[in-house]
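Here are some friendly notes to read alongside the structure.

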Amino acid sequence: MAPTDLKLYQIGTFAAGNRLLDPGDRSVQADPGRASSITSGHRACQGCGEALGARFVLDAAMRAAGGEIVIANATGCLEVFSTPYPESAWQLAWVHSLFGNVAAVATGVAAALKAQGREHVRVVAQAGDGGTVDIGLGCLSGMFERNDDVLFVCYDNQGYMNTGVQRSGATPPAARTANTRPVGSEPGNVFGQGKDLPRIAMAHEIPYVATATVADLRDLERKVEKAMSLRGARYLHVLVPCPLGWASASQDTIRLARLATQSGLFPVFEAEHGVVTATTPIRRRVPVEDYLTLQGRFAHLFGPDGRPDVVARIQAGADRNIDRYDLVTVVDPDGVDHV
């Protein structure tokens, strides 16, 4: 029986696997004939946000490109857990690069395809935050400057998780890592360091920049499809919680990604040619404590010897994001936010 002919029965719900939606509105993952870019057998940790994000990103990209796609993958967690030699969980054309040169490798692939008259074959580069905001920043900026026809996806788990949870340029202030101060007056990552890569990408005025999280997979799919409909350099920054590095429960991955957006710590938006064109408003604003207390990397900020002053500084950063991107438009006198 065809999937559209299925009649589903449920009690107390309004949808079942989103099959009650019209076929054109269903997600990639709801289609029994969907592409399966990464299959079983990889070695990601339980609750890995990066594995989930990569699956949705590449399945959506495969659909948008009609299967005509090449993936360049930087060294990092995603590469290590998916391709332990001599095995691979990838089911598409996939090439491994060094930690810092995946943008250059992807650019070379795109140039070779153009020289062969095969520009219909699309190129996607992917890396973690270490391979994006730190080691790979020079190559990535060059790709943006040349406006190379590549979609670059950063899976941001806010640290070098594969090599032992070290600080990266995307590690948030006050977060504890293996190489940040565990004790003292200012434990954890210092304030004022790191890089806001989506805004750096916007400064290059490339055709498309967007942020997304694994808490809203439909939004993530839509942004991939939009990026694939464009030509030139495109950048997608995806927040992917890491239970190992964040010292969080594996079942809280989606919850943490949602709290990051609802607190304002991770604004979700789209930009074209350096101008913000759309934002995802906060539906139910929460204090940053709701997000921080679920993660062991922030445990030193709470308890008898907690640091409410540091939490207040983190809250101030979230408030700046909300103001910058106009994420909450109206606040009632009773304190309830409406958008």
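1. Let us begin with a pair of helices. Please keep in mind throughout that this is a predicted model. Helix H3 (residues 102–115) and helix H5 (residues 137–146) pack with their axes 7 Å apart and at an angle of about 40 degrees. H3 and H5 are therefore oblique to each other. On the H3 side, the contact is made by Ala103, Ala104 and Thr107, while H5 brings Cys139, Leu140, Met143 and Arg146. Sorted by class, the contact of H3 with H5 has five nonpolar residues, one polar and one charged.

2. Now zoom out to the whole chain. The protein chain has 339 residues, and buried residues make up 49% of them. Its secondary structure comes to 11 helices and 10 strands. If we take the contacts in the chain with a separation of 6 or more, 69% of them join residues 24 or more positions apart.

3. In what order do the eight strands of the open sheet lie? The order is E2-E1-E3-E4-E6-E5-E7-E8, and the pairing is mixed. At the edges you will find strand E2 (93–96) and strand E8 (275–279), each of which pairs on one side only. Ignoring direction, neighbouring strands of this sheet are turned by 20 degrees against each other on average.

4. To find your place in E6, look for Leu239, which stands opposite Asp156.

5. Next, see which helices lie on the sheet. H1 packs on it and touches E1, strand E3 (122–128), E4 and E6. The direction of H1 makes about 160 degrees with that of E4.

6. Which residues of the largest nonpolar core touch the most other members? They are Val124, Leu220 and Leu236, out of 36 residues in this core. Several elements each supply at least two residues of the core, including helix H1 (49–64), strand E4 (151–156), helix H7 (217–228) and strand E6 (234–239). The largest share, eight residues, comes from H1. Apart from this core lies another, of 34 residues, with Ala72, Ala110, Ile322 and Val328 among them.

7. Stay with Leu236 for a moment. Neighbours within four places in sequence aside, the contacts of Leu236 include Val57, Phe152, Cys154, Ala210, Leu220 and Val224. Lys223 is also one of its contacts.

8. Is Thr132 buried or exposed? Thr132 counts as buried because its relative accessibility is 0%. You can find Thr132 in helix H4 (residues 129–134). Leaving out neighbours within four places in sequence, Thr132 is in contact with Ala127, Leu137, Leu140, Phe152, Cys154, Leu197 and Tyr235.

9. Among the buried ones are Leu256, Leu259 and Gln262. The buried residues of H9 pack against H1, E5, E6, helix H8 (243–246) and helix H10 (288–292). Just after H9 comes Gly264, which takes a positive phi of about 95 degrees.

Notes
Residues numbered from 1 in each chain as written. Predicted model: local features only at pLDDT ≥ 70, side-chain atom pairs only at ≥ 80, totals over all residues. Heavy atoms only, no water. Axes fitted to C-alpha atoms, helices over the stretch in contact; angles between N-to-C directions. Helix = DSSP H or I, 4+ residues; strand = E, 2+ residues; numbered from the N terminus. Parallel < 35°, antiparallel > 145°, perpendicular 65-115°, else oblique. Contact = heavy atoms within 4.5 Å. Nonpolar A, V, L, I, M, F, W, Y, C, P; charged D, E, K, R; others polar. Buried < 20%, exposed > 50% of the residue type's maximum accessible area, 1.4 Å probe, protein only. Core = buried A, V, L, I, M, F, W, Y, C linked by side-chain atoms within 4.5 Å. Pairing = 2+ DSSP bridges.
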